[in-house]
2 protein chains.
Amino acid sequence: MFEQLGLIGCGLMGSSFALALKRAGLVQRVVGYSKSPSTTERARQLGVIDIEAPSALQAVSGSDVVLLAVPVSATEATLKAIRHLIDPAMLVMDVGSTKCDVVDAAQRALRKELSSFVPCHPIAGKELSGVENADVNLYAGKQVILTPTEHTGQAQLRKAAALWTALGCHVMQMSPQAHDAAYAAVSHLPHLIAFAMINGLQDQPKGKDYMALAGSGFRDFTRIAASDPQMWRDILIANREELLAQSKLFQQALQTLEALIDSGNAEALQARIQQASQTRAHWRASLQKNLP
Amino acid sequence: MFEQLGLIGCGLMGSSFALALKRAGLVQRVVGYSKSPSTTERARQLGVIDIEAPSALQAVSGSDVVLLAVPVSATEATLKAIRHLIDPAMLVMDVGSTKCDVVDAAQRALRKELSSFVPCHPIAGKELSGVENADVNLYAGKQVILTPTEHTGQAQLRKAAALWTALGCHVMQMSPQAHDAAYAAVSHLPHLIAFAMINGLQDQPKGKDYMALAGSGFRDFTRIAASDPQMWRDILIANREELLAQSKLFQQALQTLEALIDSGNAEALQARIQQASQTRAHWRASLQKNLP
């Protein structure tokens, strides 16, 4: 399907994408670039990329598909650095977890090259980052949201959808605004809360002792707190308006429960917990087919 | 080791305990009672118990080990109902997630029989409740906290420790107060937050749509929100003081992050996330041997 993937960013997301594309036989060779030369070298040693590029621009040279897998705050500078080599037949995608800021960055960085750019968000990841944790199956069975700009070409949009589908993904299309509102609620807020949960423990003299006693509920609840700090710093700031609005709604719901607990209103408390419990049990049942 | 287990409460925790005790060859027969006769019957049909008892008292009759596996608010009434048949050689345990209230309840319900009672909290469970979800391996490899009262007999305490150890558990002893402070932080608060997270989504017109887009981070983060409402209603109210104190610390940590996000202070935000991320990554590494 493609001759050459230009991979910009050889972390977990980018490396896993390269491995999956290779295994599916969708690309002949991968030219990769990472900000840190040692990461690029490691990616080649691990067989994630075939050729090390000394710059983002040189990773794009000769490529017919390009993936930006960098923290979202680096999107604009990266697109500016490569735009001279973006040609109309090329497919350029990103994998950022926020989309309004990525679309804005693309609109600032690109002109006619905008038609080649398809903003993407694969709903995949794990709390372990870096090329060492690359996983050829990371994207299999996952949702991928495409949020095309007004200038994204129809040919590129179809090509992007076909590519992710060939990797076993379920492709959806949304506006960047609808995307960011939804993921503030179901991804960015849970991460924010998980970070705050661990911070809250760290701020206590006995926090470490308490954590040593924790079980599997805590383990799963806080798993995402181990996520990559730089990547999440960018996401939380990029989507701050939607995120802070969601955090406010969450704190209202929390304070409702607190008031019921404080007053010992067992009946109303149970009713409220029951709503949550049933909804969560039903969610698991309805979506588990898509999740590992 | 034991002739007869009297099981009071044939839900997930009690049924899994009976199955584990049987498989380990530690008990000859299990006499079980549940508030709902259909649950007791189902427990017998599933081989969890051997004999159905029509009352808690009759489950205790002839037993040398008794397990209370009921919502913590039912502890006092249950102990009162069985106390006439508690003899000095008997081992009586509970599996409640809060311990100060259980110890208080025992001190109100029992007199000389207090020496037979060992308050226990196995750090095990899952979000699926009921006898249908009984799991012979639920307790294997898990921590069990014993919080003896001042009047708990040394013989019973040793017997309880030996029993849990024989089931593959790691046994620890703590005061009820230390227990409740720790588990407010690492279990009760995460549950409260998970319930509030789902409630907060339910309170929004688009909440269901957002949830349909959620991925594996959300899945793990909210798993405990599907937990048993009545059991958790009791726990949250029983340990309300420690829990509300922990919730306050959590909200302070959350608001610290919110302020950094709102002001776009990327450096300080990353530093704070990094603390959480490193602590959580280190926690996983240090304790994963004990968790499935």
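Let's start in chain B of this predicted model, where 6 strands form an open sheet in the order β3-β2-β1-β4-β5-β6, with parallel pairing. At the edges of the sheet sit β3 (51-52) and β6 (117-118) of chain B, and each of these pairs on one side only. If sheets are new to you, here is a handy piece of background: strands of a sheet pair through backbone hydrogen bonds, and they can do so in a parallel or an antiparallel way.

Now zoom in on one pair of neighbours. β1(B) and β2(B), the latter spanning residues 27-33, pair in the parallel sense over 6 bridges.

Next, let's see what lies over the strands. Helix α1 of chain B, residues 12-23, lies across β1, β2 and β4 of chain B. Its direction is at about 165° to β2(B).

Another helix to visit is α4 of chain B, residues 75-82. Which residues of α4(B) are buried? They are B:Thr75, B:Thr78, B:Leu79 and B:Ile82. These residues cover an arc of only 100° around the axis, so they are on the same side of α4(B). What do the buried residues of α4(B) pack against? Their partners in chain B are the strands β1 (2-8), β4 (65-68) and β5 (91-94), together with the helices α3 (56-60) and α5 (100-109).

Let's move on to where the two chains meet. Here 75 residues of chain B are in contact with 75 residues of chain A. On the chain B side, the elements giving two or more residues are α7 (176-202), α8 (207-212), α9 (216-221), α10 (229-238), α11 (240-262) and α12 (266-287). Which of them gives the most? That is α7(B), with 16 residues. The residues on this side of chain B divide into 43 nonpolar, 20 polar and 12 charged.

Finally, step back and look at chain A as a whole. Chain A has 12 helices and 9 strands, and its C-alpha atoms fill a box of roughly 65 × 40 × 35 Å along the principal axes. A compact globule of 292 residues would have a radius of gyration near 19 Å, and the 21 Å of chain A agrees with that. Of the 292 residues in chain A, 57% are buried. Among the contacts in chain A with a separation of 6 or more, 76% come from residues 24 or more positions apart.

Technical notes. Residues are numbered from 1 along each chain as its sequence is written. Chains are lettered from A and ligands numbered from 1 in the order in which they are written. This is a predicted model: local features need pLDDT of at least 70, side-chain atom pairs count only at pLDDT 80 or more; totals for chains, interfaces and linings use all residues. A residue is buried if 20 or more other C-beta atoms lie within 10 Å of its own, exposed if 12 or fewer, and partly exposed in between; C-beta atoms are placed from the backbone. Helices (H or I, at least four residues) and strands (E, at least two) are DSSP runs, numbered from the N terminus. The arc is that of the directions from the helix axis to the C-beta atoms. Two residues are in contact if their C-beta atoms, placed from the backbone, lie within 7 Å. Ala, Val, Leu, Ile, Met, Phe, Trp, Tyr, Cys and Pro count as nonpolar, Asp, Glu, Lys and Arg as charged, and the others, Gly among them, as polar. Two strands pair if DSSP finds at least two bridges between them. Axes are lines fitted to C-alpha atoms, for helices over the stretch in contact, and angles run from 0 to 180 degrees between N-to-C directions. The radius of gyration is taken over C-alpha atoms; the globule rule is 2.2 Å times the number of residues to the power 0.38.
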